[in-house]
Amino acid sequence: MANPQVKLAPSILSADFARLGEQVAEATKAGADYIHVDVMDGHFVPQITIGAPVVAAVRKWTDLPLDVHLMIEAPERQINQFAEAGADIITVHIETCPDINQLVSAIKGLGVKAGVSLNPETPLTAVTEILPSLDLVLVMTVHPGYGGQPFIESTLEKIARLRAELDKKGLTAELEVDGGINAQTAPRVVKAGARVLVAGAAVFSSGQTVKEALGELRAGLL
Ligand code: DX5
Ligand code: ZN
């Protein structure tokens, strides 16, 4: 049986946006654990992708938790909209947050789980103090902005250090990784300590069906 502790979060960034609802339903039926939604604003990262209205539309196609990853400047201005649209988890980038304590409280105040993400070059120390308040920590394993990039090897050590810190302090935040996750890298990030794996290209543009692609990812974790 596949490792039951590991969750798979297909990123719809690599889905066919013209058939988004169907692709989300397909991933749901194929055993995804979360649906990962990559929100980009053209400022924090170069592309503009998905806004709250699309989250509301996706909400109708799945009962899975919507894991909304905000790659945007001034996320405090947007969290209400995404919560109303049906987000279950809202993750903000530590690089965009001058007052992370206040923002995490505000997210939780909306009845949504709170996550914080770190870019590959951002040290773990940036999130040390907020860790006890978090539901999820997202370690970027590529530079945010685009799907389909190669996994950055040096992030393995960071994942391992974060796992050790969470365990040592008895903290329950989920350790999620995002970028370059495929059947080869998935077992390695799990071994380092990741428990939620985001995968975009490997699920939606691998040439396989979504069901086959998710099955292959799970099989690699046996
Ligand atoms: C990158 C996004 C990722 C991306 C992952 O900025 O945050 O969620 O979609 O894509 P893959 O799995 O294709 O690397
Ligand atoms: Zn993401």
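**Helix α5 pairs**

I started in helix α5, where D167 and R163 are separated by about one helical turn because they sit four residues apart. Helices here are DSSP runs of H or I with at least four residues, strands are runs of E with at least two, and both are numbered from the N terminus. D167 forms a salt bridge with R163, and the closest N and O atoms are 3.3 Å apart. For the record, a salt bridge is a side-chain nitrogen of Lys or Arg within 4 Å of a carboxyl oxygen of Asp or Glu. R163 is buried, at a relative accessible area of 14%. My cut-offs are under 20% relative accessible area for buried, over 50% for exposed and partly exposed in between, with a 1.4 Å probe and protein chains only.

I then looked up K169 and E165, whose side chains meet in another salt bridge (3.0 Å, N to O). Both lie in helix α5, four residues apart, about one turn of the helix. K169 counts as partly exposed at 42% relative accessibility, whereas E165 is buried at 16%.

**Ground rules**

I note that this is a predicted model, in which local features need pLDDT of at least 70 and side-chain atom pairs count only at pLDDT 80 or more, while totals for chains, interfaces and linings use all residues. Residues are numbered from 1 along each chain as its sequence is written, chains are lettered from A and ligands numbered from 1 in the order in which they are written, and side-chain values use heavy atoms, leaving out hydrogens and water.

**Other salt bridges**

How many salt bridges does a search of the whole structure find? I got nine. R59 and D88 make one of them, at 2.8 Å, N to O. This pair links distant parts of the chain: R59 is in helix α2 (residues 52–59), D88 is in the loop between α3 and β4 (89–93), and they are 29 residues apart. R59 is partly exposed at 23%, and D88 is partly exposed at 30%. I also wrote down a network of salt bridges linking R19, E22 and E26.

**Two loop residues**

Where is F151 found? I located F151 in the loop between β6 (136–140) and α5 (155–169). F151 is buried, with a relative accessible area of 12%. Leaving out residues up to four places away in sequence, F151 touches T141, V142, L156, G179, G180, I181, T185 and V189; contact means heavy atoms within 4.5 Å. F151 and N182 are 31 residues apart in sequence and 9.1 Å apart in space, C-alpha to C-alpha.

Next I checked A74, in the loop between β3 (66–71) and α3 (79–85). Its phi is near 45°, a positive value in a residue other than glycine. Most residues other than glycine have a negative phi. A74 counts as buried, at 18% relative accessibility.

**Whole chain**

I count eight helices and eight strands in the protein chain. The radius of gyration is 16 Å, close to the 17 Å from the globule rule for 222 residues, so the chain is as compact as a globular protein of that length. That radius is taken over C-alpha atoms, and the rule is 2.2 Å times the number of residues to the power 0.38. Buried residues make up 54% of the 222. Among contacts between residues at least 6 apart in sequence, 65% join residues at least 24 apart.
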